[in-house]
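Thanks for coming. I have one structure to go through this morning, and I will take it region by region.

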Amino acid sequence: MNWKKFSGEVIHSSILEEVEQAIIRETEKGFHLKVCIGTDSQVKGPVTDFATVIVLLREHHGGFMYIHQEKTLQKMSIKERMLVEVQKSIETAYSVCDLLDLYDVDLEVHADINTNPMFKSNKALNEAMGYILSMGFIFKAKPEAFASSTCADKMVH
């Protein structure tokens, strides 16, 4: 998987090494960290663009993120696309959760799914919530799911 910083700088080490170095650097500066992971997607003609983000929040001092983007030509319903977003977030969360446990950093998985039944994405809410919670992660949906609905969203638009 290729990851980059918001500045566009490509991460040449593994994302695990990069996140660990960030945790060490930021905690040495006295910051308490929390990690939020989310994915958003955008359909552009025949292409669906997915962006997964790892957001490191410094308590009361902003944050920064790492981004992985990929595209697919596979056609999907809205519900299927929402669940693929959740799957990508869970895969990423699973890959960093042992490291975060080692450094006692809290982790949330954010789903770009609306809790209001008036929105199409709501069709995937129960499945997404069940999937994330069953994996042992803290679940956040809109409007609290800023990692997916704001950070990842910025990368696909």
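M135 is partly exposed, at a relative accessible area of 37%; on this scale buried is under 20%, exposed is over 50%, and partly exposed is in between, with a 1.4 Å probe and protein chains only. The residue sits in the loop between α3 (125-134) and β6 (138-142). Helices here are DSSP runs of H or I with at least four residues, strands are runs of E with at least two, and both are numbered from the N terminus. Together with Y94 and Y131, M135 makes a nonpolar surface patch of about 310 Å². Patch members have over 30% relative accessible area and no salt bridge; like charges are joined within 9 Å, and nonpolar side chains (Val, Leu, Ile, Met, Phe, Trp, Tyr) within 5 Å. The areas come from the Shrake-Rupley method with a 1.4 Å probe, and for residues only the protein chains shown count as cover.

Before going on, the basis. This is a predicted model, with local features needing pLDDT of at least 70 and side-chain atom pairs counted only at pLDDT 80 or more, while totals for chains, interfaces and linings use all residues. Residues are numbered from 1 along each chain as its sequence is written, and side-chain values use heavy atoms, leaving out hydrogens and water.

Now the sheet. Strands of a sheet pair through backbone hydrogen bonds, either parallel or antiparallel. Here the sheet is open, has six strands in the order β1-β4-β3-β2-β5-β6, and its pairing is mixed. At the edges are β1 (4-5) and β6, each pairing on one side only. Two strands are called paired if DSSP finds at least two bridges between them. β2 (residues 33-44) and β3 (residues 47-58) are antiparallel over twelve bridges, and I37 has I54 in β3 as its bridge partner. Their hairpin has two residues between the strands, and G45 there takes a positive phi near 65 degrees. β2 also runs parallel to β5, through six bridges, with T39 partnered by A111 in β5. β1 and β4 (residues 63-72) run antiparallel and are joined by two bridges; K5 stands opposite Y66 in β4.

Leaving aside neighbours within four places in sequence, E18 is in contact (heavy atoms within 4.5 Å) with K5, I11, S13 and Y66.

Elsewhere, salt bridges do form: the whole structure has eleven. One network links R25, E26, K29 and R58. In it, R58 and E26 come to 2.7 Å between their closest N and O atoms. R58 is in strand β3 and E26 in helix α1, so this pair ties together parts 32 residues apart in sequence. Both R58 and E26 are buried. E26 also meets K29 at 4.0 Å, N to O, and K29 counts as exposed, at 54% relative accessibility.

A further salt bridge joins D112 and K142, at 3.3 Å. D112 is in strand β5 and K142 in strand β6, 30 residues apart. D112 is buried at 10%, whereas K142 is partly exposed at 27%.

How values were computed. A salt bridge is a side-chain nitrogen of Lys or Arg within 4 Å of a carboxyl oxygen of Asp or Glu.
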